Amino acid sequence: MARRAVEQELSRERILEAARHLFITKGYRAISMRSIGQHLGYSHGSLYYHFKEKAELFYAIVVDDFNYVARLLSEVMDKPAEEGLGKVEQLMLEFIRFGLDHPYQYEIMFMIRDEELLAYCRAEQGKCFELFSGMVRRYLKEEGYVPEDWQSVPLTLFLSAHGFVSYYIQDKIKFDDVKAAALSHVRVLCRNL
């Protein structure tokens, strides 16, 4: 493929977006720095200005996606509660919405089975869970729940939200298509708090 005229600067963001697309559609092992460069219309050498190797590029994608989820969850906690929904319900719904509306990112973040790649995801998965847990614990403390629940409830809710996403993600179903089921799922869980 001939190199395209430089219409846009080759930015880190453009590389991340192209690499994310290629990793998702073709798989991590099938993609090289050369193929990412070709996809962008640049030599693979120009990618090395931003990333030393493919693994570093993959990790940057993972971190970027987890940071996005962290921002979404923080926004939920910072805004006033929606009519008829508690903060924990809103938190779970936002997590489910992200997973279903961004299935490829979610799969890379939480469902990857490749041991080499999983090593890049584990630390970020832990940070995401700790953020979610901290938000749920804060709510539990404010509402007067006993300390024993502060440890077990966040994991139960997180795994339940993940299970919901995992079930529907296989068919590439969007959040709006199962919003009623998600709301029912979340309400049943939170009713038992």
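**Surface, fold and helix packing**

Tutor: The protein chain has an accessible surface of about 10700 Å² (Shrake-Rupley method, 1.4 Å probe), of which 50% belongs to carbon and sulfur atoms. This is a predicted model, in which local features need pLDDT of at least 70, side-chain atom pairs count only at pLDDT 80 or more, and totals for chains, interfaces and linings use all residues. Residues are numbered from 1 along each chain as its sequence is written, and side-chain values use heavy atoms, with hydrogens and water left out.

Student: How many helices and strands does the protein chain have?

Tutor: There are nine helices and zero strands, taken as DSSP runs (helices H or I, at least four residues; strands E, at least two) numbered from the N terminus.

Student: How is a pair of packed helices described?

Tutor: One gives the angle between their axes and the distance between the axes. Here H4 (residues 54-78) and H6 (residues 103-110) pack at about 110 degrees, with axes 10 Å apart. The pair is therefore roughly perpendicular (65 to 115 degrees).

Student: Which residues of H4 and H6 meet?

Tutor: With contact meaning heavy atoms within 4.5 Å, Phe58, Val62, Asp65, Phe66 and Val69 of H4 meet Gln105, Ile108, Met109 and Phe110 of H6.

Student: Which residues of H6 are buried?

Tutor: Buried means under 20% relative accessible area (1.4 Å probe, protein chains only). Pro103, Gln105, Tyr106, Ile108, Met109 and Phe110 qualify. Six of the eight residues of H6 are buried, so H6 is largely enclosed by the rest of the structure.

Notes: Axes fitted to C-alpha atoms, helices over the stretch in contact; angles between N-to-C directions. Parallel < 35°, antiparallel > 145°, perpendicular 65-115°, else oblique. Buried < 20%, exposed > 50% of the residue type's maximum accessible area, 1.4 Å probe, protein only.
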